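Dear colleague,

My notes on it follow directly after.

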Amino acid sequence: MNKVRKTPLRKCLGCGEMKPKQELIRAVRSPEGEISLDLTGKKNGRGAYICRNSDCLKNAIKAKRFERAFGCEIDKQVYDNMLAELEESKE
């Protein structure tokens, strides 16, 4: 008898849609307070999820959803790094 595994769903901070966790990219605030994209999904820390397109990332940045999710101010440079990393991961 095979058990049917439930697919873990996560909500995108950009568009607000619930999607399978594998389709999303995780952003992480490490215990040291450093914020970055976690393309492996294995980094330690508080996570928030975003779709793999830059529009969702830009929407989440504009609405300050990452700041709300992580409970801290986020520098513009961090967002620029995240956008660059997302563009690189697409290629």
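At its relative accessibility, does Phe66 count as buried or exposed? With a relative accessibility of 1%, Phe66 counts as buried, where buried means under 20% relative accessible area, exposed over 50% and partly exposed in between, for a 1.4 Å probe and protein chains only.

Two remarks on the basis of these notes are needed. This is a predicted model, in which local features need pLDDT of at least 70 and side-chain atom pairs count only at pLDDT 80 or more, while totals for chains, interfaces and linings use all residues. Residues are numbered from 1 along each chain as its sequence is written, and side-chain values use heavy atoms, with hydrogens and water left out.

**The aromatic cluster**

Phe66 forms one aromatic cluster with Phe70 and Tyr79. Rings of Phe, Tyr and Trp (its six-membered ring) pair if their centres lie within 6.5 Å; planes under 30 degrees apart count as stacked, over 60 as edge-to-face and the rest as tilted. The structure holds 2 aromatic pairs. In the stacked pair, Phe66 and Phe70 are 6.2 Å apart centre to centre, with 25° between the planes. Both residues lie in helix α2, 4 residues apart, which is about one turn of the helix. Helices (H or I, at least four residues) and strands (E, at least two) are DSSP runs, numbered from the N terminus. Like Phe66, Phe70 is buried.

The ring centres of Phe66 and Tyr79 are 6.3 Å apart and the planes stand at 45°, so this pair is tilted. Because Phe66 lies in helix α2 and Tyr79 in helix α3, the pair ties together parts that are 13 residues apart in sequence. Tyr79, at 7% relative accessibility, counts as buried.

**The nonpolar core**

A nonpolar core is a set of buried Ala, Val, Leu, Ile, Met, Phe, Trp, Tyr and Cys residues joined through side-chain atoms within 4.5 Å. The largest one here has 21 residues, and those with the most contacts inside it are Ile50, Leu57, Phe66, Phe70 and Met82. At least two residues of this core come from each of β3, β4, β5, α1 (54–62), α2 (65–70) and α3 (76–90). The most is given by α1, with 4 residues.

Ile50 is in contact (heavy atoms within 4.5 Å) with several residues beyond four places in sequence, among them Cys12, Leu24, Leu57, Ala60 and Phe66. Ile50 is also the bridge partner, in β5, of Ile25.

**The sheet**

Two strands pair if DSSP finds at least two bridges between them. On that basis, 3 strands form an open sheet in the order β4-β3-β5, with antiparallel pairing. β4 (35–38) and β5 (46–50) stand at the edges with a single partner strand each, so one side of each is left without a neighbour in the sheet. Direction ignored, neighbouring strands of this sheet are turned by 30° against each other on average; the axes are lines fitted to C-alpha atoms, for helices over the stretch in contact, and angles run from 0 to 180 degrees between N-to-C directions.

Strand β3 (residues 25–29) is joined to β5 by 5 bridges and pairs with β4 over 4 bridges. On the β4 side, Ala27 stands opposite Leu37. The hairpin of β3 and β4 has 5 residues between the strands, and Gly33 in the turn has a positive phi of about 95°. Of the 5 residues of β3, 4 are buried.

**Two arginines of β3**

Arg26 is found in strand β3 and counts as buried at 12% relative accessibility. Its side chain reaches the backbone oxygen of Lys43 at 2.9 Å; a polar contact is a pair of N or O atoms within 3.5 Å, where within protein one must be able to donate a hydrogen and the other to accept it, and residues adjacent in sequence count only if both atoms are side-chain atoms. Beyond four places in sequence, the residues that Arg26 touches include Ser36, Asp38, Gly41 and Tyr49.

Arg29, also placed in strand β3, counts as partly exposed at 27% relative accessibility. The bridge partner of Arg29 in β5 is Arg46. A polar atom of the Arg29 side chain lies 2.4 Å from the backbone oxygen of Phe70, and Arg29 touches residues including Glu34, Asn44, Phe70 and Cys72.

Yours sincerely
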